[in-house]
Amino acid sequence: MITVVSLNPCMDETLCGAFQAGATNRFSTGQMDAGGKGYNVAAALKSLGAPVRLIGLMPRRGSDAYMQAVDALGIESDFVSCPGTLRVNTKIVDERGVLTEINRTGFSASALVAAQMADCCRHYAPKSALMLFCGSMPWGFAPDFYAAMADQLPSPAMIDASGAALRAAADSNAVLLKPNLDEFAQLIGETPAQTLDALARQVGLAARKMGKTLAVSLGARGMLLAQREQVFYAEAPKVSGVRCSVGAGDNALAAMAFSWTQGGRGETLLSAGVAAGTASVLRAGTQPLCRKTYRELLGRVSPLAIVGSPFDLNK
Ligand SMILES: Nc1ncnc2c1ncn2[C@@H]1O[C@H](COP(=O)(O)OP(=O)(O)OP(=O)(O)O)[C@@H](O)[C@H]1O
Ligand SMILES: [Mg+2]
């Protein structure tokens, strides 16, 4: 069983139609979907056929639709109830397809709620092949919460976070981190290199210092993965009809996690991540990951061991 920890759940409201900043905009009822990184990763694992459990925090108000969505997917779940209202993030897609996102900060959590959440993680970790910690944390959580859990829990952990939580994760026992390029730059405190071989060296060096697998996703350019002394790169398969790149990283993480529990390492992990990330961009925002598309794309990903070929990332 893979246990996904979701500390900052939300509902995603998507509004489609004419939109102009500074004007009065009228929309018919928007589409409401459960969201947040934890939910997205758990839903992707379910689509891939992985055994998955979703645990996390759930504010007392506004959570009915979220809970119904989790149940409808058949995902086992357990949430620590806390005061507050589930946030709604609004996405506006105008007639030209331009996306405007309005994300609300989540609820605040007390020290008691943080302690209950840590207990919940301790309860499920021994029954889990892998723990996944993804996304932002509510006010009230120490930035090193994920790192502390990775150090304390008996099962391996993967972390997809940014800023201080990612920096703390770098010093933890987590087995894998999945930053995107911006998050990787924040993590190492340097400008990322512009050529693939130089970037691969930066990623390889950072992974060796941390003693863990580092998967740096590069959007449409694919992903670099460093493990022990090796660095692999896989280009994203060329696809037409890209619809939505939001959440590509969540789907990539889900596929790497599933592959990892099945013994996948190095190139195998990388291929899974790139194929799922690319399968994800082909679906409309809220559609689940398509397993058939994922498998087709998996056959088209060809990971390379980096040997120093120049590759300008700006091209
Ligand atoms: N436009 C695209 N075309 C093809 N594949 C893509 C595209 N964008 C992303 N991908 C695939 O998805 C993977 C993850 O994407 P990305 O680097 O954008 O993650 P991310 O920034 O963490 O996303 P998020 O946090 O929104 O989930 C990439 O490594 C790549 O394989
Ligand atoms: Mg991401």
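Which strands does helix α2 lie across, and at about how many degrees to β3 does the helix run? The legends below describe a predicted model, and the first view takes up this question.

**View 1**
Helix α2 covers residues 64–72. The helix lies across β2 (10–16) and β3. Its course makes an angle of about 70 degrees with β3.

**View 2. An open sheet is built from four strands.**
The strand order is β3-β2-β6-β7, and the pairing is mixed. The edge positions belong to β3 and β7 (99–102). Each edge strand has a single partner, so one of its sides has no neighbour in the sheet. On average, neighbouring strands are turned by 25 degrees against each other, direction ignored.

**View 3. Strands β6 and β7 run antiparallel.**
Strand β6 comprises residues 87–93. Four bridges join β6 to β7. At this pairing, Val 93 stands opposite Leu 99, a residue of β7.

**View 4. Two domains make up the chain.**
Domain 1 takes in residues 1–16 + 31–174, and domain 2 spans 176–315. Their C-alpha centres are 21 Å apart. The contact draws 28 residues from domain 1 and 27 residues from domain 2.

**View 5. The side of domain 1 that touches domain 2 is drawn from several elements.**
At least two residues each come from β3 (31–35), α1 (37–47), β8 (130–134), β9 (157–160) and α5 (163–170). Helix α1 gives the most, with seven residues. By class, this side of domain 1 holds 17 nonpolar, seven polar and four charged residues.

**View 6. Ligand 1 sits in a shell of 21 residues.**
Asn 180, Ser 217, Ala 248, Gly 249 and Gly 277 come nearest to the ligand. Two helices, α8 (248–261) and α9 (266–281), are the elements that give two or more residues to the shell. The shell divides into eleven nonpolar, nine polar and one charged residues.

**View 7. Lys 292 is an exposed residue of helix α10.**
Helix α10 runs over residues 291–298 and includes Lys 292. Lys 292 counts as exposed because it has 8 C-beta neighbours inside 10 Å, where the limit for exposed is 12 or fewer. Leu 130 lies 162 residues from Lys 292 in sequence. In space, the two residues are 24 Å apart, C-alpha to C-alpha.

Terms used:
Residues are numbered from 1 along each chain as its sequence is written. Chains are lettered from A and ligands numbered from 1 in the order in which they are written. This is a predicted model: local features need pLDDT of at least 70, side-chain atom pairs count only at pLDDT 80 or more; totals for chains, interfaces and linings use all residues. Domain bounds come from an automatic or database domain assignment. Two residues are in contact if their C-beta atoms, placed from the backbone, lie within 7 Å. Ala, Val, Leu, Ile, Met, Phe, Trp, Tyr, Cys and Pro count as nonpolar, Asp, Glu, Lys and Arg as charged, and the others, Gly among them, as polar. Two strands pair if DSSP finds at least two bridges between them. Axes are lines fitted to C-alpha atoms, for helices over the stretch in contact, and angles run from 0 to 180 degrees between N-to-C directions. A residue is near a molecule or strand if its C-beta atom, placed from the backbone, lies within 6 Å of it. A residue is buried if 20 or more other C-beta atoms lie within 10 Å of its own, exposed if 12 or fewer, and partly exposed in between; C-beta atoms are placed from the backbone.
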